[in-house]
Amino acid sequence: MTLRPAASAAEFSDDVLGHLYRTQRLSLVRLAFLLVGDQATAEDVVQDTFTAVCRRWRTLDDSTNALPYIRRAVVNRARSVLRRRRVADAFRPERQHHAESAEETVLLAVEHRRLLAALRQLAPRQREILVLRYWAGLSEAELAETMGISRGAVKSMAHRSIAALRKRLED
């Protein structure tokens with residue numbers, strides 16, 4: 001996407017954000033789902049992210065950075081959701097285990113459920129790096145930018161995360 005000189009900021013915002021929403025929303029919802037663990041919250045995270053980005057659009061200097069900016073905002077919002085859940089869970093009495101619905105049981109293969117369960121047991125940053133790297137297909141540079149860490153940290157964290165996931169799958 002490039003800036004059109006004659007376009008106003010509002011027109012540009014509508015064009016670019018509308019295009020990004022139409023083309024990237026589903027992949028961002030899937031990304032958020034893998035981070036937060038439920039569909040409704042994932043959709044809320046993405047919708048809230050696009051709303052916030054729309055308000056702050058003029059602070060984005062280069063439209064080529066729009067997708068990484070939005071992706072990072074989705075990850076940050078998912079982290080916030082998880083933080084709020086941890087705080088709420090600390091004050092909530094112990095809850096019963098969630099029983100999967102019949103639809104979930106039918107739709108997910110046994111291996112897929114095992115992988116998702118093992119992924120949920122990982123630390124949040126380990127889960128983020130694996131989801132962003134292997135599901136979203138981000139490069140090391142994109143991962144470093146999205147997570148706000150160095151490329152070297154991406155490599156070592158990814159290695160440790162895979163080892164932790166492998167260990168959980170073996171158990």
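Q: Buried stands for under 20% relative accessible area, exposed for over 50%, and partly exposed for what lies in between. What is the relative accessible area of K155?
A: Happy to start there, with the reminder that this model is predicted. K155 counts as partly exposed, because the class covers values between the cut-offs of 20% and 50%. The relative accessible area of K155 is 48%.

Q: Which side chain meets K155 in a salt bridge?
A: The N to O distance in this salt bridge of K155 is 4.0 Å, and the partner is E140. The pair links distant parts of the chain, 15 residues apart, with K155 in helix α8 (residues 151-170) and its partner in helix α7 (residues 140-147). At 24% relative accessibility the partner is partly exposed, and its name is E140.

Q: How many salt bridges does the structure hold?
A: The pair of E140 and K155 is one of them, and D171 with K167 is another, with the closest N and O atoms 3.8 Å apart. The total for the structure is six.

Q: Are D171 and K167 buried or exposed?
A: D171 and K167 form a salt bridge with each other. To be classed as exposed, a residue needs over 50% relative accessible area. Both D171 and K167 are exposed.

Q: Why does the salt bridge of R85 and D38 tie together separate parts, and how many residues apart are they in sequence?
A: The closest N and O atoms of R85 and D38 are 2.6 Å apart. R85 sits in helix α3 (residues 66-90), while D38 belongs to the loop between α1 (9-36) and α2 (39-55), so the bridge joins parts whose separation in sequence is 47 residues.

Q: Which elements give two or more residues to the lining of the second largest pocket?
A: The residues that line the second largest pocket include H112, L115, L116, L119, L130, V131, Y134 and W135. The elements with two or more residues in that lining are α5 (110-121) and α6 (124-135).

Q: How many charged residues has the lining of the second largest pocket?
A: This pocket has a volume of about 210 Å³, and L34 and L165 are among the residues that line it. By class, the lining has nine nonpolar residues and one polar residue.

Methods. Residues are numbered from 1 along each chain as its sequence is written. This is a predicted model: local features need pLDDT of at least 70, side-chain atom pairs count only at pLDDT 80 or more; totals for chains, interfaces and linings use all residues. Side-chain values use heavy atoms; hydrogens and water are left out. Helices (H or I, at least four residues) and strands (E, at least two) are DSSP runs, numbered from the N terminus. Buried means under 20% relative accessible area, exposed over 50%, partly exposed in between (1.4 Å probe, protein chains only). On a 1 Å grid over the protein atoms alone, a cavity is a set of points where a 1.4 Å probe fits but cannot get out, and a pocket is an open set with protein on both sides within 12 Å along at least five of seven lines; lining residues have an atom within 4 Å of a point. Grid points are joined across faces, edges and corners, and a volume is the space filled by probe spheres set on the points. Ala, Val, Leu, Ile, Met, Phe, Trp, Tyr, Cys and Pro count as nonpolar, Asp, Glu, Lys and Arg as charged, and the others, Gly among them, as polar.
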